[in-house]
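Here are a few friendly notes to read alongside the model. Please keep the structure open while you go through them.

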Amino acid sequence: MTAIRIVIADDQAMVRAGLRLVVESEPGMEVVGEAPDGLEAVAAARRTRPDIVLMDISMPRMDGLTAARQLLDQPDPPKVVMLTTFDTDENLYAALRAGTSGFLLKVSPPEQLVEAIRVVVGGDALLDPAVTTRVIASFAGRHEPAPPPQLAELTPRELEVLCFLARGMTNAEIARELFVGEATVKTHVARVLMKLHLRDRAQAVVFAYESGVVRPGAAIA
């Protein structure tokens, strides 16, 4: 089995060392590069071709958001997870809109970091409903949205799945809610992303709030 290749970008050497220690203690994961700023993060990712970049959102020379955008604009980009000490930063919302796969608080326990890496590399977005949906709702709800025409292409079941995605639910959780198998949910999710021309689940969550499918302030189960 091929190891998951990871680049760590953070301007604090101690943070990078801590993340490396956690990652390299886990079987099947290896750190292939480190960077103290956004410029070096982009260079390291292009040089090493990692599966995922753990990117600090605030760094000198080039911030993590700009670096993430540059990486995600290239063909066959790595997954990008933003690292932050804040959970209500407007930059996090911009990062999700840009196509990052989510974000992780730096105070998260080691096991959550490891699980986050596996979730993102496996094709899911790292969307903690207690944090991510609050961030998105805070910034997506600043105007009354007009429903985009793409919504008309979704079947009622696909629209239901989009709402579950917006609540940060995993495929397993959606499957239990709908009384169907996970394979069926994966098919629905893939069709939602295809019809809405979205890259991944993170962008689906942003789309749901921006289009008014999910209203800011609605209860998140």
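1. A44 counts as buried because its relative accessibility is 1% (buried means under 20% relative accessible area, exposed over 50%, partly exposed in between, with a 1.4 Å probe and protein chains only). A44 sits in helix 2, residues 38-48 (helices are DSSP runs of H or I with at least four residues, strands are runs of E with at least two, both numbered from the N terminus).

2. A quick word on the basis: this is a predicted model, where local features need pLDDT of at least 70, side-chain atom pairs count only at pLDDT 80 or more, and totals for chains, interfaces and linings use all residues. Residues are numbered from 1 along each chain as its sequence is written, and side-chain values use heavy atoms, with hydrogens and water left out.

3. Which residues does A44 touch, not counting those up to four places away in sequence? They are V7, E34 and R49 (contact means heavy atoms within 4.5 Å). A44 and G33 are eleven residues apart in sequence, with their C-alpha atoms 6.0 Å apart in space.

4. Now look at D56, in strand 3 (residues 52-56). D56 counts as buried because its relative accessibility is 4%. Leaving aside neighbours within four places in sequence, its contacts include D10, D11 and K106. UniProt, in an unreviewed entry, lists D56 for "modified residue: 4-aspartylphosphate"; such annotations may be inferred rather than shown by experiment, and the positions follow the numbering used here, with feature names shortened.
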